[in-house]
Protein chains: 2
Amino acid sequence: MPVHSANIERDESLEADLEAIWAEIEPPVVRRLMIAAVQEFAIHGYHGTTTRDIASRAGLSPAGVYVHFKSKEQLLYRISLVGHQRSLEVLAEAAASTTDPLARLRAVVSDFSSWHARYHMPAKVINYEIGALSEEHFLEIGALRRRIDAAMRVTLDDGIEQGAFVIPDVGGMALALLSLAIDAARWYRPAGQRTPAEIGTLFADLAERMVRP
Amino acid sequence: MPVHSANIERDESLEADLEAIWAEIEPPVVRRLMIAAVQEFAIHGYHGTTTRDIASRAGLSPAGVYVHFKSKEQLLYRISLVGHQRSLEVLAEAAASTTDPLARLRAVVSDFSSWHARYHMPAKVINYEIGALSEEHFLEIGALRRRIDAAMRVTLDDGIEQGAFVIPDVGGMALALLSLAIDAARWYRPAGQRTPAEIGTLFADLAERMVRP
């Protein structure tokens, strides 16, 4: 394996970050399996990962995986569900943190973007492997994604109504701001020039420039 | 396979698009292998694809692949090299198309973004599978990516020098504009609301709003 991939596996701070997202998952063995699956999927892709790989990383036998998840797709589904719920919560909490339209937009863009940088491994998995979900799970996750999109649009519409923003295409700008955040999961490196918080501030600054009258 | 993935495989216009990028690759059997590999890598990921899968899609035996490419990684490397060269050409041609700073920025953002939507399958492969390249190939592709980044920065710096743009963080804005374009390869759907050309115009409009004094 080339050095640049190996670095992803060796960064211990990532393990701590992953724990933070899945902290409420019980029992611990299920949490351990989900964390192991996120790492395998992020590094080798969903289709490049076997249940045996996940079991091995979690310190279980393949049969031990099937006690808790009846398929590899069930693991992807649980990861996608929790990941989307967490990212929607982050966005909703930012939106509720202030009534000033510009401060709200800055908080929403900043927090949603820094979340995707900080949790780049699960963020990659939940955004890139959507096509591997079953049709039923795809529809359920799609509904969560539409709520994320709607929350961003409401933030923009609110600023227009209060006369603070001028936005020719609200749907297009919402798409762009969400896209900027999600793509941070692709290019962000823990050893790179910008911290997750700095990425949040950069994109909040750009969002502010975009909505100026 | 779920319906939403199957759609990707059945869209015949994608085949035509793929042909356009690789049209100059000779001999035809090498071109056919590269097109087959792009499709397999885009749908199942690099690690989820075997040389046998690629051979089968191209109508060859696995041994027939090894006549032309000594490994799966060599196929990824050739695809990454040609894909990055083409996207750099598109950006450089747009930059050379006019001397007006704003018209140039619009052309660069629009053409680079619509390229990533239109050629979303190869664009996904060349941007998401970088970690699977050998260290030597990773360095070579990294040099091409730095030229793409430099061309975007020059476009922004030029507008600042001519007094047309105000940009507090040129590196950050270049990163954001390239990121918006590249992420179109993730979310673009041929049956979606916006055509590649419309995506280009949307992002050019946003870039124009970002650089306003």
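Predicted model: local features only at pLDDT ≥ 70, side-chain atom pairs only at ≥ 80, totals over all residues.
Where is the place of P27(A) in chain A?

Figure 1. P27(A) sits in the loop between α2 and α3 of chain A. The peptide bond leading from E26(A) to P27(A) is cis, with omega near -5°. In chain B, a cis peptide bond joins E26(B) and P27(B), and omega is about -5°. P27(B) lies in the loop between α2 (12-22) and α3 (28-44) of chain B. For context, most peptide bonds are trans.

**Figure 2. The fold of chain A.** Chain A contains 11 helices and 0 strands. Along the sequence the pattern reads α-α-α-α-α-α-α-α-α-α-α. Taken along the principal axes, the C-alpha atoms of chain A fill a box of roughly 60 × 40 × 25 Å. The radius of gyration of chain A is 18 Å, which agrees with the value near 17 Å that a compact globule of 213 residues would have. Of the 213 residues of chain A, 42% count as buried. Among contacts in chain A between residues at least 6 apart in sequence, 69% join residues at least 24 apart.

**Figure 3. The two domains of chain A.** Domain 1 of chain A covers 3-68, and domain 2 covers 79-211. Their centres, taken over C-alpha atoms, are separated by 25 Å. To the contact between them, domain 1 of chain A gives 15 residues and domain 2 of chain A gives 12 residues. On the side of domain 1 that touches domain 2, α2 (12-22) and α3 of chain A each supply at least two residues. By class, that side of domain 1 of chain A has 10 nonpolar, 3 polar and 2 charged residues.

**Figure 4. The packing of α3(A) against α6(A).** Two packed helices are described by the angle between their axes and the distance between the axes. Helix α3 (residues 28-44) and helix α6 (residues 72-96) of chain A pack at an angle of about 95°, and their axes are 10 Å apart. An angle of 65 to 115 degrees counts as roughly perpendicular, and α3(A) and α6(A) are therefore roughly perpendicular to each other. From α3(A), the residues in the contact are L33(A), M34(A), A37(A), V38(A) and F41(A). They meet L75(A), L76(A), R78(A) and I79(A) in α6(A). By class, the contact of α3(A) with α6(A) has 8 nonpolar, no polar and 1 charged residues.

Figure 5. L133(A) is found in the loop between α8 (120-128) and α9 (135-161) of chain A. Is L133(A) buried or exposed? L133(A) has 23 other C-beta atoms within 10 Å and is therefore buried, the cut-off being 20 or more. The C-alpha atoms of L133(A) and E73(A) are separated by 6.3 Å, although the two residues are 60 residues apart along the chain.

**Figure 6. The surroundings of L178(A).** L178(A) belongs to helix α10 (residues 170-187) of chain A. With 24 other C-beta atoms within 10 Å, L178(A) is buried. Leaving aside its neighbours within four places in sequence, L178(A) is in contact with I148(A), D149(A) and M152(A). One of these, M152(A), is 26 residues from L178(A) along the chain, and the C-alpha atoms of the two are separated by 7.9 Å.

**Figure 7. Helix α8(B).** How many residues of α8(B) are buried? The helix is mostly covered, with 9 of its 9 residues buried. The buried residues of α8(B) are H120(B), M121(B), P122(B), A123(B), K124(B), V125(B), I126(B), N127(B) and Y128(B).

**Figure 8. The side of chain B that touches chain A.** In this contact, 33 residues of chain B meet 33 residues of chain A. On the chain B side, at least two residues each come from α1 (3-10), α8 (120-128), α9 (135-161), α10 (170-187) and α11 (196-211). α10(B) gives the most to this side, with 9 residues. By class, the side of chain B that touches chain A has 16 nonpolar, 11 polar and 6 charged residues.

Technical notes. Residues numbered from 1 in each chain as written. Chains lettered and ligands numbered in written order. Contact = placed C-beta atoms within 7 Å. Helix = DSSP H or I, 4+ residues; strand = E, 2+ residues; numbered from the N terminus. Nonpolar A, V, L, I, M, F, W, Y, C, P; charged D, E, K, R; others polar. Axes fitted to C-alpha atoms, helices over the stretch in contact; angles between N-to-C directions. Parallel < 35°, antiparallel > 145°, perpendicular 65-115°, else oblique. Domains from an automatic or database assignment. Rg over C-alpha atoms; globule rule 2.2 N^0.38 Å. Buried ≥ 20, exposed ≤ 12 C-beta atoms within 10 Å, placed from the backbone.
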